[in-house]
Amino acid sequence: MVHALEEVRRTLVPEGVLIDLRPMAGRWPVEVTSDRSRHPIGWLQDLPNELADSKAANIAIKEAARRGWFVRESKQSFRFSYYWDTPEEMREFIREEWSGFTELEENAFSTTQNAWADAGTDRRVRVQLRMHLARWRKR
Amino acid sequence: MTLQKDPEETETRYLNKTTNFSNQRVLEIGSGEGRLTWRYAHGAGGVIGIDLVGDALKVAAADCPATIHETVSFVQASSLHLPFPHETFDIAVLAWSF
C-alpha cells in the first residue's frame, strides 16, 4: 500500500491533492425505517480480514505522511446509507457483494424480518456505513 | 432488487465540499462501475478511472452519461504501476479502494 501511495504521488503535480475516501471498519447499524419511525435492529460486523485491510490502509497513509510525501489538510466522517425494500433483498446483497468482508450478527435477520412486518407501508431496511474522508496535499 | 445507495447524496456533498474539481485533471483509483465518478466528473477538466476489474470498467464505459463522455475514460490498471507520466494529475481519489 505504501508503494501505491508513492506511485500516486509520482503522478500528482506539485501541490496536488489526494482524497482518501473509504468506509471505516467496524460495526454498521441495521435498521427498519419509514417516514415516521426508525427501529434499530442489530449490526453488520466486519470480519477480521476486512479489519486488517482497514488497519493496513491507516498504517500506509501514516507512513506516507511520516516520509513527508503528503500533509493532511482535513479529515471528516459522514454516514453512507444502503436501502433495500425487504430484509430478503438485504440478505441477498450481503451474500453476493459483501461475502468475506462482513456478516450479519446472529439473529439480526429474523429480528429485521419481524420489525419489517410490523412497520408501515413505506418501510425499508437500512444499513449505515461510517465513511472516512481525508484530504492530503502533496509535498 | 431495489437497492438504493446514498439517496441523500451525502457522499456527493462532502466530496464536493472537500475539493473543487472544476477544470482539474483527476485520477480515480478503484473507480469500479463509475458510481462515484458520476458524482464529481461534471466540470472536471478530465477524469481517468482505473480499476483491476475489467468487467466493472466495461459497465462504467457503457453507463457513462453522455454529458461527460468526452471528459471521462477508464483504464484497467493497478495502483502499484500507474501507466501515466510524472505529474499528470491535479487530484487523485482513492475511491473506497484503499
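Select chain B and colour its buried residues: they make up 41% of the 98 residues in this chain. Keep in mind that this is a predicted model.

Switch to cartoon view. Chain B shows two helices and five strands. Walk along the sequence and the order reads β-α-β-β-α-β-β. The radius of gyration is 13 Å, close to the 13 Å that the globule rule gives for 98 residues, so chain B is as compact as a globular protein of that length. Now look at the contacts in chain B with a separation of 6 or more: 60% of them come from residues 24 or more positions apart.

**Where the chains touch**

Show both chains. Here 34 residues of chain A are in contact with 32 residues of chain B. Which elements of chain A give two or more residues to the side that touches chain B? Select helix 1 (2–11), strand 1 (12–23), strand 4 (70–84), helix 3 (87–97) and strand 6 (124–138) of chain A. Strand 1 of chain A supplies the largest share, 10 residues. Colour this side of chain A by class and you will find 19 nonpolar, six polar and nine charged residues.

**The strand pair across the chains**

Zoom in on strand 4 of chain A and strand 1 (residues 4–5) of chain B. These strands run antiparallel, joined by two bridges. Pick Tyr83(A): its bridge partner in strand 1 of chain B is Gln4(B).

**Helix 1 of chain A**

Next, select Leu5(A), Val8(A), Arg9(A) and Thr11(A), the buried residues of helix 1 of chain A. Look down the helix axis. The buried residues fall within an arc of 165 degrees, so they line one face of helix 1 of chain A.

What covers the buried residues of helix 1 of chain A? From chain A, the cover includes strand 1, helix 2 (48–66) and strand 6. From chain B, it includes strand 2 (25–29) and strand 5 (89–95).

**Last stop: Asp53(A)**

Move to helix 2 of chain A and select Asp53(A). Is Asp53(A) buried or partly exposed? It has 16 C-beta neighbours inside 10 Å, and therefore counts as partly exposed. Asp53(A) and Ala25(A) are 28 residues apart along the chain, and their C-alpha atoms are separated by 8.8 Å.

Note on methods. Residues numbered from 1 in each chain as written. Chains lettered and ligands numbered in written order. Predicted model: local features only at pLDDT ≥ 70, side-chain atom pairs only at ≥ 80, totals over all residues. Contact = placed C-beta atoms within 7 Å. Helix = DSSP H or I, 4+ residues; strand = E, 2+ residues; numbered from the N terminus. Nonpolar A, V, L, I, M, F, W, Y, C, P; charged D, E, K, R; others polar. Pairing = 2+ DSSP bridges. Rg over C-alpha atoms; globule rule 2.2 N^0.38 Å. Buried ≥ 20, exposed ≤ 12 C-beta atoms within 10 Å, placed from the backbone. Arc of directions from axis to C-beta.
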